[in-house]
Amino acid sequence: MTFDAIDSWWWPFLYILVAGWLATDGWRFLGVAFSGRISEQSDAIVLVRCIATALVAGVIGNLIVFPGGALAETSVLLRIGAAAAGFVCYLLARRRVIVGILVAEAILGAGLMLGG
C-alpha cells in the first residue's frame, strides 16, 4: 500500500493514521510497559538511547544539507555555522538544550534577514 494507492478523499487521512500514529504509538506503549523493569544503565537502554540520538542527528544533518522551505534560501555555510555555534553555546551553557537552539535560531534568523 502506498499513499496514492486509493483515490478517495479519506485515504490520505487513514494512511497517515495507520502509518504514522499506530506504528509509533505501539512502540511507545511497549516502552512504557517495560520501562519500570529495565535499569537505565542496562545495555538495551543504552542501545536505544544511542539509536535515538543517531536518528535525531541524522534528521538535523539532513535539514542542514538538504533543506526545504525558507531554510533552502540560506547558504550551506550559514546553516553549518548556525549549527556549530548552537552546539558550542550548548556546551558552554552546561548542556542546556534551549540555549543551543535559541543561538542557532538567532543566527539563522539574522542570516535570513541579511540575505544569507
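Trainee: Where is Arg94 found?
Mentor: Arg94 sits in the loop between α3 and α4 (97-113); helices here are DSSP runs of H or I with at least four residues, strands are runs of E with at least two, and both are numbered from the N terminus. This is a predicted model, in which local features need pLDDT of at least 70, side-chain atom pairs count only at pLDDT 80 or more, and totals for chains, interfaces and linings use all residues. Residues are numbered from 1 along each chain as its sequence is written, and side-chain values use heavy atoms, with hydrogens and water left out.

Trainee: What is phi of Arg94, and is the residue buried or exposed?
Mentor: Phi is near 60° for Arg94, a positive value in a residue other than glycine. Arg94 is exposed, at a relative accessible area of 71%; buried means under 20%, exposed over 50%, and partly exposed in between, with a 1.4 Å probe and protein chains only.

Trainee: And what about Arg95?
Mentor: Arg95 also has phi near 60°, a positive value in a residue other than glycine. Arg95 lies in the loop between α3 and α4 and is exposed, with a relative accessible area of 59%.

Trainee: Changing topic, at what angle do α2 and α3 pack?
Mentor: The angle is about 150°, and the axes of α2 and α3 are 9 Å apart. The axes are lines fitted to C-alpha atoms, for helices over the stretch in contact, and angles run from 0 to 180 degrees between N-to-C directions. The two helices, α2 and α3, are therefore roughly antiparallel; that term applies over 145 degrees, while under 35 is roughly parallel, 65 to 115 roughly perpendicular and the rest oblique.

Trainee: Which residues make the contact?
Mentor: From α2 they are Leu63, Ile64 and Val65, and from α3 they are Val76, Arg79, Ile80 and Ala83. Contact means heavy atoms within 4.5 Å.

Trainee: Where is Pro67, and what does it touch?
Mentor: Pro67 is in the loop between α2 (43-65) and α3 (76-92). Not counting residues up to four places away in sequence, Pro67 touches Asn62, Ala72 and Arg79.

Trainee: How many helices and strands does the protein chain have?
Mentor: The protein chain has 4 helices and 0 strands. Its radius of gyration is 19 Å, well over the 13 Å that the globule rule gives for 116 residues, so the chain is more spread out than a compact globule. The radius is taken over C-alpha atoms, and the rule is 2.2 Å times the number of residues to the power 0.38.

Trainee: What share of the residues is buried?
Mentor: Buried residues make up 11% of the 116 residues in the protein chain.
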